[in-house]
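Subject: Structure handover and notes

Dear colleague,

Please find below the structure that I am handing over to you, together with its sequence. My notes come after it, and I would be glad if you read them with the model open.

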Amino acid sequence: MKLLTTSAMALALLANAAAADGELVVYHWFEYMPAELLEKFETETGIDVTIDTYDSNEAMLASLKAGGMGTYDVAVPGDYMVAIMAGEGLLDTIADGELTNKGNIAPEWADPSFDPGRTHSIPYQWGSTAFAVDTAAYTGDINTTDLLFNPPAELSGKINMLDSQGEVMALASLHMDIPQCSSDRGQLQALNDMLQEAQTHWASFNSDTSREVLVSGDVTVGMTYDGFAAKARAERDTIKYAFPTQGYVVWMDNVVLLKDAPNRANALIFMDFLLEPENIAAVSNYARYGLGVSGATEFLDPDLATAPEANPPATAGKGAFIEVCDQETQAVYDQIWTNLKN
Amino acid sequence: MAGVAASGGSVAADTYAKARHWLLAPSWLVLGFFVFAPVCVMLIYSFLTKEFRGGVIWEFSFAAYDQFFFDRGLFGDAEPTLQWTYISVFWRSIWQAGLATILSLLIGFPTAYFIATRPEGSRAFWVFLVTIPYWVNLLIRTVSMKFLLRDEGPLNELLINIGLINDPLHIIYTNLAVQLGLFYSYLPFMVLPIYASIERYNFTMSEAAADLYATKWTALRRIILPAVKPGVIAGCILVFVPSLGAFLAPDLLGGAKNFMIGSLIEEQFKGNAGNWPFGAAASMVLLTMVVVILLIFARQQRRAEAQS
């Protein structure tokens, strides 16, 4: 919730004053870390953890740039945001040997394009972003992005979108089959026009309640993450996660070491803790996403492997990571986003 | 100042005359630190250049105000035309806040009148009832409102069960929901100042009016209303101004879709847009509007006092 991030700014003052030994200040997504795991960390290490939350990568970046640096030790940005933050000089470098468990990182996530050699980050969770549909209220084919961007009349006013520019723009580009961050004026104009038309059918923009609005029946179609869809399904079993034929967004969230971290040593202890297969598996069991550490299979809830949210059907389009746009294209994206929300 | 003290003639005024500036110092400090300094920062930032991905570059620029008033198309190089996007956001905020003020006045005045006319001993109890919602955080009250209003929520269930409607009323994520949120949040701000005025009002004047064959309506219009006008104006300002800048209600009850000024500004600092100078410029425009409205009120007040 945005207000939480606002209060985080106020808390920042308190956190600063209390940066003594045995503290750790984490800037994290909402609803993303089981309380039991935090307690386990606190008992094992004697470190007191304070968590503030944010609801989009962009909001986190804005808050850090508005004076949050030097307050938080670690944050959990998505893939493209790791690259942006590194470019902005907001990340500290983890030297070789500083993380005992670095070798636990699964080979396929050990050298990602957004953080070559994992010098700033460790994997946290990975998953996908598309949308979920209450199939009791809508019986048509759900595996198409038309449900968000060109919805049938019966769904008009029953759609919630994530309040996250990166994910909405990426999915919209997939819907139109144009490259992300296209600099082609015709394509950008068409993207703007398409979204302007689509937004007349949307009920709301909300990220942190994107699961709840589906469960409560406020909306029939809700853009959301696969793990949220799985949790929604557990509460209302007619909710189904869609894998659109046009494609969907894949992401990996990563724990990064922030520059000027007041408790740098504790931050590294925290990262090592999250690289233990048993611990990160507890996060997956709670959040219902995949993990990026080897040797965790035995700790994982067996349902996770067979969950429909984690297994795209054969008809599913390709999964695409969000791309980082250059400044000129980003300015147009910002304008399109502003048009969308007014 | 010595003349004032002498003409005032009281001993106390003389005693404190010399210490006057020192006694005022704490208020000036608080005002300076918490009001003037932040406004100056905002004013300066509104004339700086936007940095890519949030933040500012220390270069003077009119770009933020230009963006507010002129539309240069999707790519920023079209012929400038008047920017309707933000004007419509401001217009929506003004009529939402205005409507909330009128509704609060319609409900708040009778409520205040009711409380002020109770026996002296029980008034405190009624005032206490009005303030109870303030024991709960505004965020929580707004979220609760959302739970009440939603399509499958208690309000719709009640209306369907008593047979008033067949299909749920779609209120949540509309301007109506935002209006209800504003009205509900700020109603006590209307009740309390009006109550304070009516309580001081001498009801024998109403009796005198009745003795002179004034109808109840005439007495209300010609005697009571002029007497309690300062309270009504204070209440209207207290409801209108915070409603104008509200961002919780439009965010939670309006679905963050139909922006009001507060949400527009918030998005520039905390949200996806990351355009600080523009957020500062929008704040300055809002501040100017509020100050103008307050000045108009103050002038009318002075004129009314001069007349009487």
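Residues are numbered from 1 along each chain as its sequence is written, and chains are lettered from A and ligands numbered from 1 in the order in which they are written.

Confidence

The pLDDT, which is the predictor's confidence in each residue on a scale from 0 to 100, averages 91 in chain A, where 94% of the residues score at least 70. Residues 1-20 of chain A have a pLDDT below 50, and this stretch has 28 contacts in the model beyond near neighbours in sequence, a contact being two residues whose C-beta atoms, placed from the backbone, lie within 7 Å. For chain B the mean is 87, with 95% of its residues at 70 or more, while residues 1-9 of chain B stay under 50 and have 6 contacts beyond four places in sequence. Where pLDDT is low, the predicted coordinates should not be read in detail. For the complex, the predictor gives an ipTM of 0.78 and a pTM of 0.83.

Chain A overall

Chain A contains 13 helices and 10 strands, these being DSSP runs numbered from the N terminus (helices: H or I, at least four residues; strands: E, at least two). Its C-alpha trace spans about 60 × 45 × 35 Å along the principal axes. The radius of gyration of chain A is 20 Å, which agrees with the value near 20 Å for a compact globule of 342 residues; this radius is taken over C-alpha atoms, and the globule rule is 2.2 Å times the number of residues to the power 0.38. Of the 342 residues in chain A, 48% are buried, where buried stands for 20 or more other C-beta atoms within 10 Å of a residue's own, exposed for 12 or fewer, and partly exposed for values in between, with C-beta atoms placed from the backbone. Among contacts in chain A between residues at least 6 apart in sequence, 78% join residues at least 24 apart.

The interface

Contacts between the chains involve 28 residues of chain B and 37 residues of chain A. On the chain B side, the elements that give two or more residues are helix 5 (84-116), helix 12 (248-252) and helix 13 (261-270), and helix 13 of chain B gives the most, with 3 residues. By class, this side of chain B has 12 nonpolar, 8 polar and 8 charged residues, with Ala, Val, Leu, Ile, Met, Phe, Trp, Tyr, Cys and Pro taken as nonpolar, Asp, Glu, Lys and Arg as charged, and the others, Gly among them, as polar.

The interior of chain A

Which elements are largely enclosed by the rest of the structure? In helix 9 (residues 226-235) of chain A, 8 of the 10 residues are buried, so this helix is one of them; the elements that cover its buried residues include strand 4 (121-134), strand 7 (221-225) and helix 11 (277-287) of chain A. Strand 7 of chain A, with 5 of its 5 residues buried, is likewise largely enclosed. V221(A), M223(A) and Y225(A) point one way from strand 7, and G222(A) and T224(A) the other way.

Strand 7 of chain A runs antiparallel to strand 4 of chain A, to which 5 bridges join it, and pairs in the parallel sense with strand 5 (residues 159-161) of chain A over 2 bridges; pairing requires that DSSP finds at least two bridges between two strands. V221(A) has V133(A) opposite it, and I159(A) also stands opposite V221(A).The largest nonpolar core has 143 residues, and those with the most contacts inside it are V74(A), F131(A), A132(A), V256(A) and L258(A); such a core is a set of buried Ala, Val, Leu, Ile, Met, Phe, Trp, Tyr and Cys residues joined through C-beta atoms within 7 Å. Helix 9 of chain B provides the largest share of this core, 13 residues. Leaving aside neighbours within four places in sequence, the contacts of A132(A) include G222(A) and T224(A), as well as A229(A) and A232(A).

Two backbone details

D260(A), in the loop between strand 9 (248-257) and helix 10 (264-274) of chain A, has a phi near 60°, a positive value in a residue other than glycine, and counts as exposed with 12 C-beta neighbours inside 10 Å. Y173(B), in the loop between helix 8 (154-161) and helix 9 (175-200) of chain B, has a phi near 65°, also positive in a residue other than glycine, but counts as buried with 29 C-beta neighbours inside 10 Å.

With best regards

Notes:
Predicted model: local features only at pLDDT ≥ 70, side-chain atom pairs only at ≥ 80, totals over all residues.
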